Amino acid sequence: DATKLAVAKACVAFVEQAWKILHGADKLRKALETAQELLAKKGIDFDADEMTVLIEAAVAEFNEAFRKPVDSLNAAASYRVPEAEE
């Protein structure tokens, strides 16, 4: 299971980096194809439903990692520094 999760995360990162022109279902399809190839090389059984769940979880984690810095920047941008007294 740990290997499958690691493969799912690697596939998400790979598809995000290498296939920027793909979106939605096409990205998922490419991630599943890549996962199937990697798992087959390791002799691990591939279950498309299980990998879909793991890939979608990895996508959510990937998106959350990018959302946090933006939220931090927005919070910092909304902070107002009090004017110094003259």
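The model is predicted: local features need pLDDT of at least 70, side-chain atom pairs count only at pLDDT 80 or more, and totals for chains, interfaces and linings use all residues. Residues are numbered from 1 along each chain as its sequence is written, and side-chain values use heavy atoms, without hydrogens and water.

**Overall layout**

The protein chain has 3 helices and 0 strands. From the N terminus, the order of elements is α-α-α. Helices (H or I, at least four residues) and strands (E, at least two) are DSSP runs, numbered from the N terminus.

Of the 86 residues in the chain, 20% are buried. Buried means under 20% relative accessible area, exposed means over 50%, and partly exposed lies in between (1.4 Å probe, protein chains only). The chain exposes about 6500 Å². Carbon and sulfur atoms supply 56% of that area. Accessible areas come from the Shrake-Rupley method with a 1.4 Å probe; for residues, only the protein chains shown count as cover.

Contact means heavy atoms within 4.5 Å. Take the contacts between residues at least 6 apart in sequence: 61% of them join residues at least 24 apart.

**The core**

In soluble globular proteins, nonpolar side chains tend to be buried together. A nonpolar core is a set of buried Ala, Val, Leu, Ile, Met, Phe, Trp, Tyr and Cys residues joined through side-chain atoms within 4.5 Å. The largest one here has 13 residues. Val 7, Ala 8, Cys 11, Ala 31, Ala 35, Met 51 and Ile 55 touch the most other members. Helices H1 (2-18), H2 (24-41) and H3 (48-78) each supply at least two residues of this core. H1 gives the largest share, 5 residues.

Beyond its neighbours within four places in sequence, Met 51 is in contact with Lys 4, Val 7, Ala 8, Leu 32, Ala 35, Leu 39 and Phe 46.

**Helix H2**

H2 has 18 residues and reaches 26 Å from its first C-alpha to its last. That is close to the 26 Å expected at 1.5 Å a residue; the expected span is 1.5 Å times one less than the number of residues. Its buried residues are Lys 27, Ala 31, Leu 32, Thr 34, Ala 35 and Leu 39. Just after H2, Gly 43 takes a positive phi of about 75°.

Lys 27 is in contact with Val 15, Glu 16, Trp 19 and Leu 22, leaving aside neighbours within four places in sequence. Lys 30, also found in H2, touches Val 15, Trp 19 and Leu 22, not counting residues up to four places away. The C-alpha atoms of Lys 30 and Phe 14 are separated by 9.6 Å.

**Salt bridges**

Side chains of opposite charge can pair when their charged atoms come close. A salt bridge is a side-chain nitrogen of Lys or Arg within 4 Å of a carboxyl oxygen of Asp or Glu. The structure holds 5 salt bridges, including these:

| Pair | N to O distance |
|---|---|
| Glu 61 and Lys 9 | 3.3 Å |
| Lys 27 and Glu 16 | 3.1 Å |
| Asp 26 and Arg 29 | 2.4 Å |

Glu 61 in H3 and Lys 9 in H1 are 52 residues apart. Glu 61 is partly exposed at 45% relative accessibility, and Lys 9 is partly exposed at 35%.

Lys 27 in H2 and Glu 16 in H1 are 11 residues apart. Glu 16 is partly exposed, at 25%.

Asp 26 and Arg 29 sit 3 residues apart in H2, so about one helical turn separates them.
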